[in-house]
Amino acid sequence: MKKVLDDGTIVSKEIDVTCIGYSARKQLMNSFLKIVEEDNEKFLRRLRHRIDSVLGLIGLAATKKQKIDILQDVSGKVKPSSICIAGEMLVGPAKAFCMDEISTGLDSSTTYQIVKFLRQMVHIMDVTMVISLLQPAPETYNLFDDVILLSEGRIVYQGPRENVLEFFEFMGFRTEMPSGTLADGGKFFGALFFSLINVMFNGMAELAMTVLRLPVFFKQRDFLFYPSWAFALPISILTIPVSLMESAIWIILTYYTIGFAPGASRFFMQFLAFFGIHQMALSLFRFIAVVGRTPIVANTLGSFTLLLVFVLGGFVISKNDLKPWMKWGIYASPMMYGQNAIVMNEFLDKRWSSPNIDLRIDEPTVGKVLLRSRGFFTEEYWFWICVGALFGFSLLFNVLFIAALAFLNPFSGDSKAVGEVEHSKKMSSTKKSEGTSTDLMSTSSCQSSTVYILDKTSKKGMILPYKPLSLAFSHVNYYVDMPAEMKTRGVKEERLQLLQDISGSFRPGVLTALVGVSGAGKTTLMDVLAGRKTGGYIEGSIYISGYPKNQETFTRVCGYCEQNDIHSPNVTVYESLLYSAWLRLSSDVTTKIRKLLLMKKGGQVIYAGPLGVQSQTLIEYLEAVSGVPKIQKGYNPATWMLEVTADSVEAQLDIDFAEIYAKSSLYHTNQKLIEELSKPPPGSQDLSFPTKYSQPFITQCRACFWKQHWSYWRSPEYNTIRLFLTVFIGLAFGVIFWDTGNKIEKQQDLLNLLGAMYAAVLFLGATNASAVQAVVAIERTVFYRERAAGMYSEFPYAFAQVAIETVYVAIQTGIYSFLLYSMMGFEWKAANFFLFYYFIFMCFLYFTMYGMMVVALTPGVQIAAIVMSFFLSFWNLFSGFLIPRPLIPIWWRWYYWASPIAWTIYGLVVSQIGDKDSALEVPGATNVTLKAYLKENLGYDHNFIPVIIVAHIGWVLLFLFVFAYGIKFLNYQRR
């Protein structure tokens with residue numbers, strides 16, 4: 001301190017200024033100012049030189065201050081923000097810098113130079129620096145070491161700049177797929193093949209539409225309305241704009257989003273290829289529909305054809321790996337030409353023209369190496385040959401379609417379902433009968449005597465005592481919501497009334513005829529009384545022997561013969577009666593018509609009372625009405641009563657028969673009878689049963705399974721074709737993939753094996769799911785009737801349907817597994833074969849359960865087929881064959897585990913080859929072991945087998961329970 005105060009120099013040791021007095025501190029400050037003043041000019045020269053050096057380094061020496069025109073006649077001076085940057089850096093000993101939007105007012109080149117200098121400063125001087133930038137140029141962005149990304153006030157990424165893309169790809173956000181290398185080809189092959197599948201499946205919709213048109217065509221053809229070509233030609237022409245539209249939609253949505261070759265010519269060439277594929281598919285499936293002629297046969301043939309053309313399309317198995325005597329199948333498959341066209345269009349683009357570095361394949365470019373390794377054509381002119389072949393196949397199938405229409409006839413004696421599908425036939429026959437006399441429905445209450453049920457073998461009767469019951473209903477009204485068409489015509493009411501103030505009674509020992517013209521409401525009244533209506537609004541009172549009707553107990557004593565025949569189509573009449581008796585009779589009924597209930601259109605009663613001898617009482621009642629003509633001698637009373645009570649007669653006579661009846665003494669007599677029957681007799685008890693159903697749960701299961709057994713056994717269209725198709729596909733696959741399981745030396749050998757397993761389970765499994773839907777839909781209609789009759793609960797029905805399918809699937813799988821396992825050359829070990837059988841069995845079973853489940857959850861077969869196809873396309877995409885699991889974005893990888901097919905392929909692969917350590921030749925890379933390649937590149941681990949086994953059980957149980965609960969809680973029957 002002394003030295004500082006005397007000579008003005010600063011000592012090296014620290015001085016605590018808080019410990020010295022005021023005069024000493026003042027003297028210290030004066031000494032500092034003296035030093036600064038003496039060296040001030042020298043200090044400023046050094047500072048100015050340093051700033052000029054820095055500004056020159058970053059290219060701003062001439063921009064310290066610049067005069068610019070801000071507005072007309074207005075001028076000013078601006079100082080570039082970079083000088084503020086330099087000042088912050090150079091004035092003072094700062095080692096940490098925070099810089100906000102430093103590029104404001106600068107062009108990208110200047111910003112790049114500034115950031116480049118700052119980067120050098122950070123690395124040389126060990127400075128800490130954070131810079132915020134808004135959308136920097138790529139070259140500027142690449143100068144940074146770390147990146148912090150903010151979104152809505154939160155950090156979404158902080159880490160090395162070079163790891164940003166990898167991080168977001170891991171999170172499921174993908175940029176355009178990388179291309180140009182051998183490793184990139186697999187994803188593009190999978191994307192193109194998936195596109196091909198979707199376009200082809202869109203064409204398969206033509207099959208169902210054509211089958212629906214055939215009955216009308218055959219009828220009109222046989223009456224010589226027109227030749228077959230006149231029917232076929234308009235259909236073929238009208239599908240051209242449909243193909244153009246569907247192909248355009250698919251290309252527009254997928255081409256550039258996936259990242260195919262960006263050239264416009266490549267875009268339109270792929271569009272042309274897909275248009276040709278779609279036209280070929282439409283004509284192919286139209287031809288198959290005429291050959292099949294029925295839905296089950298046509299769908300089976302269609303699935304089989306689709307399977308063959310796909311397997312022989314060149315992607316599932318390479319053309320180079322087929323046996324020489326099987327290569328004709330490749331050239332006979334239309335899909336081969338479509339597959340070649342789209343892959344050549346992609347891989348012959350210039351972005352795949354990098355030089356080939358793999359000397360094992362003699363091709364100049366990466367794109368041609370990828371094509372050659374998969375067995376595709378490598379010359380550009382083959383694209384036009386393939387497109388021409390597609391249109392040639394389309395023409396050929398159209399010609400065959402016309403020939404089949406001309407020479408084939410409908411199958412005679414088709415086994416059609418006796419159900420709601422025949423409702424139109426029943427209605428037509430009903431209308432014919434209405435034209436002659438009357439439409440009659442009869443109902444009879446149980447008599448106090450007995451009902452005789454004959455035993456087929458003993459020919460003896462069995463006496464079943466029943467308690468006589470009466471049914472009385474008073475002032476019953478029924479409404480439905482007003483149809484939209486009637487509202488558009490000006491009707492303002494919200495409800496439409498179908499039954500109007502109906503009263504009546506049915507007594508033991510009295511057979512009552514319910515009569516009325518068409519539209520009078522006979523069926524509606526019967527449905528209301530029987531409790532079969534599923535919609536609408538019911539008013540009024542219904543009594544059973546004086547007690548209010550309880551639907552749950554009423555079904556135990558009520559038998560309802562409906563207007564439509566709804567029965568299982570392959571069960572005999574005797575078996576149906578036996579089945580009903582088995583479930584409805586407890587484990588521990590000769591009459592003449594005596595009474596008539598006559599209704600008129602609109603649901604109103606115009607007569608309720610005795611008929612009398614030869615209907616004399618009814619005749620006297622109607623003839624007593626003023627203006628009603630007398631009945632002629634020998635005329636049918638039933639016809640006469642409908643003619644004289646018609647709406648036209650009412651209008652002519654200006655009377656209302658319902659009003660006349662309501663004022664008659666007969667009406668009041670009936671009301672007294674209804675009132676009497678609406679009160680329980682003294683000492684009587686209401687209907688009650690110890691259990692909801694007549695038979696216990698096990699008996700219900702046995703009866704339902706017995707019925708399903710006979711129904712399936714007598715269904716050749718379904719089961720015989722299914723088993724025949726299984727054998728045929730098994731043999732075809734065995735020949736095509738002969739010995740592929742025993743020879744895995746190259747990557748393509750492994751891909752062939754994966755393709756074999758993928759095709760083996762996907763197509764036959766999907767066929768099972770599709771074929772079972774028609775069967776379940778028919779049986780569901782029968783189920784609705786039998787459940788309403790109180791025969792059994794929902795779960796025994798579901799159990800029987802699942803159990804009988806399981807039996808047939810087990811047989812199907814046994815045949816299929818033996819053929820495939822032996823012909824594909826897998827190692828004969830008991831454990832391996834068991835796992836092979838198990839995974840295929842469970843696969844076919846969950847496919848079948850899935851088809852049944854979709855029917856249970858949807859109103860009809862058409863919607864079920866759409867829903868099934870929608871989810872099957874996702875199962876296919878995420879199966880692990882088109883795109884291996886490690887290459888699927890993490891955001892979508894969960895769907896891989898949600899795809900049952902992925903589990904099956906996983907199980908089949910690892911159970912057969914997942915533990916092998918043989919060398920595998922991979923193009924563009926060094927050889928690796930098969931086990932290591934499966935784990936690292938495909939994500940298959942042999943130790944995962946126990947989890948896969950359990951997962952298959954889980955899928956089957958999931959679809960089974962959803963099917964059962966769908967059947968239980970969803971009722972799509974509308975009555």
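This talk goes through a predicted model, from its nonpolar cores to its sheet, its aromatic pairs and a few loop residues.

Some ground rules come before the tour. Residues are numbered from 1 along each chain as its sequence is written, and side-chain values use heavy atoms, with hydrogens and water left out. Because the model is predicted, local features need pLDDT of at least 70 and side-chain atom pairs count only at pLDDT 80 or more, while totals for chains, interfaces and linings use all residues. Helices (H or I, at least four residues) and strands (E, at least two) are DSSP runs, numbered from the N terminus.

I will start with the cores. A nonpolar core here is a set of buried Ala, Val, Leu, Ile, Met, Phe, Trp, Tyr and Cys residues joined through side-chain atoms within 4.5 Å. Buried means under 20% relative accessible area, exposed over 50%, and partly exposed in between, with a 1.4 Å probe and protein chains only. The largest core has 165 residues, and M200, F733, L750, Y940 and F963 have the most contacts inside it. Which helix gives the most to this core? That is α27, residues 747-788, with 20 residues. At least three residues come from each of domain 2 (182-407) and domain 4 (697-879 + 960-969); these bounds come from an automatic or database domain assignment.

Take M200 as an example. Contact means heavy atoms within 4.5 Å. Leaving aside neighbours within four places in sequence, M200 touches M280, A281, L284, F285, L306, V309, F310 and M335. There is also a second, separate core of 47 residues, with L469, V476, Y607 and V628 among them.

Next, the sheet. Two strands pair if DSSP finds at least two bridges between them. Four strands make an open sheet in the order β11-β10-β13-β14, with antiparallel pairing. Its edge strands are β11 (495-506) and β14 (547-548), each pairing on one side only. Strand β13, residues 537-544, is joined to β14 by two bridges, and Y543 has P548 as its bridge partner in β14. Helix α17 (residues 522-530) packs on the sheet, touching β10 (471-481), β11 and β13, and its direction makes about 70° with that of β11. Helix α24, residues 665-677, lies across β10, β11 and β13 at about 75° to β11. Axes are lines fitted to C-alpha atoms, for helices over the stretch in contact, and angles run from 0 to 180 degrees between N-to-C directions.

Now the aromatic rings. Rings of Phe, Tyr and Trp (its six-membered ring) pair if their centres lie within 6.5 Å; planes under 30 degrees apart count as stacked, over 60 as edge-to-face and the rest as tilted. The count comes to 72 aromatic pairs. One of them, F834 with Y838, is stacked, at 6.3 Å centre to centre and 25° between the planes. Why are these two about one helical turn apart? Because they are four residues apart in helix α29, residues 830-857. F834 is exposed at 52% relative accessibility, whereas Y838 is buried at 12%.

Last, the backbone. Most residues other than glycine have a negative phi. L224, in the loop between α7 (185-222) and α8 (228-258), has a positive phi of about 60° and counts as exposed at 75% relative accessibility. D654, in the loop between α22 (647-653) and α23 (657-662), has a positive phi near 55°.
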